[in-house]
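Here's a quick report on a protein and RNA model, written to be read alongside the coordinates. Have the viewer open and follow along.

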Amino acid sequence: MEAPATENLAEFLQHRLDKLARWREAGIDPYPYRYDATHRSDQLKADFDRLAESKDEVSASGRIMALRGFGKSTFVHIQDEAGQIQVYFQTNKLGADVYERVGWLDMGDIIGVKGTMFKTRTGEMTITATSFELLTKSLEPLPEKWHGLADKELRYRRRYIDLTVNPDVREVFRKRAQALRELRSYLDGQGFLEVETPVLQPLYGGAVARPFVTHHNALGVQLYLRIADELYLKRLIVGGFHKVYEVCKDFRNEGMDRDHNPEFTMIEYYWAYADYTQVMELTRALFRHLAEAICGGLKVPYGESEIDFDEDWPQRPYLEALGEALASDPVGLSDNELAELCETHGQAAPDGASRARLYDQLFKLTVEPELVSPTFIVDYPKELSPLAKAHRTNPDLVERFELFVGGHEIANGFSELNDPADQRARFAGQVKMRAGGDFEAHVMDEDYIRALEFGLPPAAGVGVGFDRLVMLLTNQRSIRDVLLFPQMRPEAPTDSEHDAERS
RNA sequence: GGGGGUGUAGCUCAGUGGUAGAGCAUCUGCCUUUUAAGCAGGUGGUCGAAGGUUCAAUCCCUUCCACCCUCACCA
């Protein structure tokens, strides 16, 4: 165990250990095995009138979050998953011997209480204890009770404390679980089959990103943690499933910021015999369902503004949206002119940037920040999308959409490219970019081409950034606030650990 | 990687080139319907780390570390 940093902490720990010893000396195990409470705190409150009237014996368990002693009586708030309930200990109710043990309790201890319900003079619903048990002794101090734990680093590193003292954090993760549940039931209801595909992949693909690399000893091969599930899910469409989806943990070996964590959750769904207009409609219906289920309505507060999932969701062609923002047709501009525009909009393009890349940068600078209410940007240039099918009316474009909400990209989908020759050519283009130093470009995936040669029916698919969706639904501005344990730099080893490593 | 910020008691935060502060928590005492309990008295600090300047550094300088914000990278 880590040594206490200061005298104060050492003293604190010693006091707790002394009390722990007192329980043991009294023949009581301070870490017993189970406790069966009759009620949760919210149930006691909801059913209070009946319970107070009948004087039925109730029991509850939880962590002591407040403790006020008055000599021969003591008030305690215990907190369970649903909230807090007050407990009242009195000498003449418990007897002097049992009441003495109340003095062995501390903030943070976990106890079980039996008693009956009543209201104090100030009207608070309270259990008056007829007996109680220590369920777990706590040896660490809780943070300050009024301000809670505010330090973000400590909140992320010691999420268990954050969850204990900050109830709204618990609420965010309840909503996250609810969103996932609703998403599954919605897709299941639409006839989608939930599947699981490999996290460890011999080739990575389906997105433009650098992978985490690992090694399998038995096979003696290099493997990659998946960056996307796309190519496996489409193989399943080849295999005859009509509608599949996966809740995918993906891994990308890239920078971290407010919108990016190296591991994150993507929802991908693929629908055979459908095109991108149909998956757009499905995505819209899914998001509206989630907003209603999680937020209780289609108008969702987000920061200073509000996101309205109820309005029509406009579909704006990529080049048209870009053209409007630039006040000239981007197709008619030379690469040099595009690069100059990047500069005038505040950010120079990297040297030798491809045309698609210049478009992309201009789009991010001018169009993307404006897309607060849900908007589909559709029909992207081909170079940006090596897995999307060419547009049925314009061979320079692909049938692809990205959904923007709150200024962030939330979903991305397209009519799937199913012509094996075209796919091979696109992969070849990617391989060339890769040879040119672009480590994020796709690699050639022969097995995937073979699957297409076997025959992928017309299909469309979507990837949804689930963490970002949860950010919208819970009004959080950082991805770290919707991940229970966001990626952090490992803590520096303590001196003792350091010594242990050296010896 | 660039720019900005933060780091002082367990927690939330003040503060100063000359022996370190508050509130809460903690400890002791009093108190049987309290509730940010109260009253009285205590304990608790390598002022993120290492160097430097200085008679003297928590404060000024340099470097480093962690975290936050921002830009870049990143579908």
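L319 sits in helix α11, which covers residues 318-326. Keep in mind that this is a predicted model. Is L319 buried or exposed? With a relative accessible area of 19%, L319 falls under the 20% cut-off, so it counts as buried. Leaving aside residues up to four places away in sequence, the contacts of L319 are P330, V331, Y359 and L397. Take L397 from that set: 78 residues separate L319 and L397 in sequence, yet their C-alpha atoms are 9.7 Å apart in space.

Zooming out to the whole chain, what share of the contacts with a separation of 6 or more in chain A links residues 24 or more positions apart? That share is 63%. Chain A is built from 17 helices and 18 strands, and 47% of its 503 residues count as buried. The accessible surface of chain A is about 25,600 Å², and carbon and sulfur atoms own 50% of that. As for charge, chain A carries 59 positive and 83 negative side chains, with the centres of the two sets 5 Å apart.

Now for the RNA. There are 59 residues around RNA strand B, and the ones that come nearest are T122, K145, V208, Q347 and N412.

Helix α1 gives the most, with seven residues.

Some side chains also make polar contacts with RNA strand B, and three of these are listed here.

| Residue | Atom in RNA strand B | Distance |
|---|---|---|
| T120 | base oxygen | 3.0 Å |
| R121 | sugar or linking oxygen | 2.8 Å |
| H260 | base oxygen | 2.5 Å |

In the table, T120 and H260 each face a base oxygen of RNA strand B, while R121 pairs with a sugar or linking oxygen.

Terms used: Residues numbered from 1 in each chain as written. Chains lettered and ligands numbered in written order. Predicted model: local features only at pLDDT ≥ 70, side-chain atom pairs only at ≥ 80, totals over all residues. Heavy atoms only, no water. Helix = DSSP H or I, 4+ residues; strand = E, 2+ residues; numbered from the N terminus. Buried < 20%, exposed > 50% of the residue type's maximum accessible area, 1.4 Å probe, protein only. Contact = heavy atoms within 4.5 Å. Areas by Shrake-Rupley, 256 points an atom, 1.4 Å probe, with all protein chains shown as cover. Lys, Arg positive; Asp, Glu negative; His and termini not counted. Charge placed at Lys NZ, Arg CZ, Asp CG, Glu CD. Near = heavy atom within 4 Å. Polar contact = N/O pair within 3.5 Å; in protein donor to acceptor, adjacent residues only side chain to side chain.
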